[in-house]
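I opened my notebook today to look up some helix packing and some charged pairs. Here is the structure I had on screen.

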Amino acid sequence: MMRVVLDASVIVKPASKLNVTTDDPDDNIFPECAQTAKAHYLVTGYIRHFPSQWKYTKCVTPATFFGIWQAEQSSNSCPPRSILRSVTRCGNGGLFWSTVGGMTTAVRCCFVWMALACAWAQEAKRPPITGVAHVALFAKDVEASRRFYKDFLGYGEPFELKNANGSLALTFIKINDRQYVELFPESAANTDRLNHISIETTDAEAMRKYLAAKGVAVPASVPKGRIGNSNFNVKDPDGHTVEIVQCQPAGWSVREKGKFMGLERISAKMIHTGILVGGTEAAMKFYRDTLGFVETWRGSRDNVTLSWINLRVPDGADYVEFMLYSQLPEPARRGTQHHICLEVPDMDRALAVLMGRREKAGYTQPMEIRTGTNRKRQLNLYDPDGTRVELMEPDTVDRVPTPSSKAPPPQVQAAVRDWQPPAGEVRQKPMAGCSGLRRLTGIAFTVITAVEYAATASAPAYCRVTGQVQPEIRFEVNLPLDWNRRLLMSGNGGYAGNEVDNPQRPGGLAAMQAGFVSARTNTGHDAAREPLGSFALNSQKLFDYAFRAVHVTAETAKQIAAAYYGRAPERSYFVGCSTGGWQALMAAQRFPADFDGILAGAPVLDFTGTMAKHASWVQSQGNAAFPASKVKLLASRVYAQCDAKDGLADGLITDPRKCGFQPARDLPLCAGDSGADCFTGGEIKNLETMYGDLHMAGRRVFPGWPVGAEIAGENGQSGWNRWLVSEQGPTIGQVFSETFFRYLAFPKKDAALQLQQVDLDRDAASLDWIRKVLDATDTDLTAYKARGGKLLMWFGWADQALNPIMGVEYYESVVKRMGPGTREFFRLYMLPGVFHCGGGVGCDNFPRLDALINWVEQGKTPGRLVAARLEKGTVVRTRPLCPHPEVARYSGQGNKDDAGSFSCVAERP
C-alpha cells in the first residue's frame with residue numbers, strides 16, 4: 001500500500017532555503033520550469049550513488065520552488081517520471097516532505113501544495129527602502145576633493161573617521177540630513193573611483209533576512225558601524241558594493257540633524273547616483289525584482305541603443321541610474337564614469353553662484369548649461385579625480401515628461417579595443433599650446449573651447465576642442481599629448497543629433513588611450529530639440545546629416561591636429577556601425593580622400609529601401625500587430641529547418657539564403673481564429689511580407705528579410721523584440737520609418753502622417769530624390785581604390801534592424817562593376833547568428849580595426865579572421881570569419897566550438 005508522510009512538526013519558523021531532493025539523475029524535478037528558475041538555485045547539496053538510484057539535492061527558496069510548482073500545475077504536467085523524495089529545511093527553518101514507495105502524480109502534487117504553501121506564507125517580507133543614503137568615492141588627494149565639495153560646492157563636513165595609526169579612514173560631506181558623499185583616501189592607483197553606494201532601509205536585520213531568502217550572499221548578522229548606524233554590504237551583479245544602512249537614534253547622523261547645512265550649498269538634494277552596468281538583465285533582476293526598485297525612465301543618446309535606465313527606490317523618490325555599457329570596463333578604466341546628480345531649481349542662478357565663488361579660480365573645467373536627452377537643463381562638473389557631479393533642474397524645459405526610449409540595450413561591440421599599437425611606434429608630442437587653438441576660429445569653423453586635461457585613472461592627458469561649422473554642425477576633437485599620428489573618427493547611430501561634449505562616448509576615451517586623435521560630430525542638429533527626423537524640415541540640416549557633416553568634421557579635425565602637433569595625421573580612419581556604417585560608405589563614395597581606412601559595420605546603405613521595407617511590415621499588420629508571443633515558436637520552426645543546412649547542427653544558420661523557409665508551407669496553420677501553437681492565415685501573410693522581396697510600382701526595390709533573427713540572444717530576448725515586434729507600443733522600425741516618411745521622404749512635410757497613409761506603389765517615383773541624397777549605393781569606388789583606400793564591411797546574418805542581404809547585394813554589385821580586383825581594397829565579412837551591430841547567438845567579437853590598420857599600413861590583406869562569442873565575459877565559442885563569398889565549413893571532426901575545426905571554403909548560394 002502506498003504511504004505518504006508529511007511531518008509538519010519541523011515547520012517552526014520562516015524558511016530561508018529548502019533542500020529539494022529528487023531521484024531524477026537529469027535534475028528533472030519539473031522539467032521546463034526548473035530551467036526557468038535555474039538562475040535562482042543555490043547548489044548546496046551533492047550527488048550520491050544509492051543502490052539503483054541517484055539522489056540529487058538542491059537548496060532553493062520556498063518562493064522559487066512554489067513558483068515552479070504553480071507553473072507546472074497550470075500546464076497539468078507534474079512529471080510522473082521525476083519522483084520527489086523529500087523537501088527538508090536548510091538554513092533558517094523549513095519543512096520536510098517525503099514519499100515511501102510510489103504514488104500517483106495527483107497525490108504527489110497535492111502534498112507539494114500543502115508543504116510549500118506553508119513555507120510560502122512564512123517567507124520573509126522586504127522592509128521599506130526609503131532612499132539613496134550616500135555615495136562613497138575614492139579620492140587621490142582628499143584635501144583637493146574637500147576643497148571641491150566644501151569650498152566650491154558649499155557643503156559641510158560633519159565628521160571624519162581615523163585609522164588606528166591616526167591616518168584618515170574616510171570623511172563625510174553632508175548634502176542634507178539623510179544624504180552624504182563619503183570620501184575615502186585612494187587605496188590603490190588606477191582603480192575604480194566608486195567605493196560603494198548606500199541605500200537606506202527602516203530595518204536592516206529584516207532586510208538581511210529578506211535578501212538571504214532571495215539567495216543573495218549576506219553576512220551572518222548586521223553590525224553597527226563606527227558612526228552608530230546599522231549596516232551591511234552586498235554585491236550587485238556588476239560587482240558594485242551596495243551598503244544597506246539603517247540610521248539609529250543614537251547614531252551620528254541623527255545626532256547632527258539640522259547641522260552643517262548652510263545656505264551656501266549649491267544643492268540640498270541628491271536626486272540619483274549613476275552606476276556602470278554591463279549586464280542589463282542581471283542588474284534589473286537584482287534592483288527591480290529583488291530590491292523592488294521601480295523603473296521610471298529609459299534614455300538613449302541616439303535612439304538606436306539604450307544608454308540609461310532610471311530605477312526609483314520602492315519607498316522614496318531617489319533613484320539609481322544604470323549607465324549601460326556593451327561590456328563593463330575593467331576597474332582601472334571605470335573611475336570617472338560613475339556620477340552623482342544634485343537637484344537645483346534654477347540652473348542659471350546655480351551657474352552664476354559658482355562663477356562668483358572665489359574657489360572658481362581653481363576650477364579649470366568648462367561649465368556649460370545644456371539640455372539633456374531627458375529635456376532637463378543640466379550642468380556637468382568634475383571633482384579633482386574626474387568623477388562627474390551633475391547639476392540638474394527637476395522639470396523638463398516645457399514641464400512635459402519625456403517619453404521613455406524604446407531603443408534596445410547595448411550589445412557587445414568591438415572596435416578600438418581590439419587594436420594594439422606596434423612595439424616601438426614613434427609618438428608625437430604637441431608643438432603648440434591647447435588654449436591657443438581657439439585662435440583657429442575663422443570663416444570655415446568656430447572653436448568654442450580648447451581645454452587641456454591632466455591624466456586620470458581612466459584617460460591620458462589630452463586637449464579637448466569643441467566647435468561648430470555652420471549652420472549647426474557641432475564637433476569634438478580630442479588630442480592626446482602622446483599621439484600615434486593617426487586620426488580616428490567615429491560614426492553616429494539612428495538619426496544622430498547626439499551630444500559631442502562627452503569624451504567617454506565610443507571612439508573618444510578608448511581612442512585616446514590607444515593614442516589616436518578622435519573626432520565626432522552631431523551631424524548638424526540637436527536631437528533633444530529636433531528628435532528623430534524632424535531636423536529635415538531644414539534642407540541644409542538634411543544635407544549635413546546625409547553627407548556633409550562627416551566630411552567637414554574630418555577636414556576640421558585634421559586642421560586642428562596639424563596646428564597642435566605641427567604635422568597632419570599620417571593616417572585617417574573611420575569606424576561606424578548602422579548609421580555609422582552608412583556614413584562610412586558615404587565617405588568612400590563621395591569623399592574618397594577623407595580616410596585611408598574605413599570600417600563599415602551593418603550599414604543602412606539603402607536608407608530609402610530600408611524605411612520602405614519597415615513601412616510595408618507595419619502596413620501588413622493593419623490594426624493587429626504580429627504577436628510577440630509567437631516569435632519563440634517561429635524561431636523554433638525556422639531553426640529546426642535551417643540550422644543543419646550547412647552540415648552542422650550548432651544553433652547557427654551559416655547562410656540563411658540556403659534555407660528556403662516558406663511560412664505558408666513550413667508553419668502550422670490554426671484551425672480557427674487563433675492559437676498559441678499555430679499561426680493564423682493573417683499572421684502567415686504578415687511573415688510572407690517580411691521574408692518576401694519588396695516591390696514598388698511593379699519593380700523589386702528591396703530584398704526580403706532573411707531568417708535567423710527570430711532566435712533569442714543571451715539576454716533571453718528575441719532579435720525581433722522592439723525592432724519588429726513589441727508589447728510596449730510602436731516598434732523601433734515603425735518609429736524610424738514613420739519619421740522618415742514624415743520629414744525626409746517627400747518634398748512636402750507632414751508631421752501627422754501615419755504609415756498606413758503611405759502608398760508604396762503610388763509614391764515610388766516621389767522617393768527618387770531622397771534616394772539621391774541619402775542612399776549610399778553608388779558602386780563606383782574607382783576614386784577610393786585609386787588613392788589606396790581600404791574598405792572593410794561586415795554584417796550580422798541575423799541583423800533584425802537592417803537587412804543583411806542589402807550588404808551582400810551591394811558588395812556583389814561593386815565586384816560586378818569593378819571586377820575581381822575589388823577584393824584588393826574592399827572586403828565583406830558576414831557573421832552567422834549575429835544581431836544588429838553585435839549580440840545574438842553568433843560570434844561577434846573579432847579584430848576588425850586591427851585587420852583594417854594592418855591592411856592599410858602593412859599591406860596585410862585580411863583573410864580568415866577568428867571571432868569569439870562571449871557570455872558574461874567568458875569566451876564560449878570561436879569561429880572563423882571568411883571574406884565573402886567564402887564561408888566557414890566544419891571539417892567533420894574536432895570541437896564544434898573551436899575555430900580550429902573549421903576552414904574557409906568558396907561557395908555560392
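**The model.** I am working with a predicted model, where local features need pLDDT of at least 70, side-chain atom pairs count only at pLDDT 80 or more, and totals for chains, interfaces and linings use all residues. Residues are numbered from 1 along each chain as its sequence is written, and side-chain values use heavy atoms, leaving out hydrogens and water.

**Salt bridges.** I looked for a side-chain nitrogen of Lys or Arg within 4 Å of a carboxyl oxygen of Asp or Glu, and the count came to 51 salt bridges. One joins Arg-208 to Glu-205 at 2.9 Å, N to O. Both sit in helix 5 (residues 204-213), 3 residues apart, about one turn of the helix; helices here are DSSP runs of H or I with at least four residues, strands are runs of E with at least two, and numbering starts at the N terminus. For burial I used relative accessible area: under 20% is buried, over 50% exposed, partly exposed in between (1.4 Å probe, protein chains only). Arg-208 is buried at 13%, and Glu-205 is partly exposed at 29%.

I also noted Arg-375 with Asp-398 at 2.5 Å, N to O. Their pairing ties together parts 23 residues apart in sequence, because each lies in a separate loop.

**Helix pair.** The axes of helix 12 (residues 607-620) and helix 15 (residues 681-691) come within 9 Å and cross at roughly 175°; axes are lines fitted to C-alpha atoms over the stretch in contact, with angles from 0 to 180 degrees between N-to-C directions.
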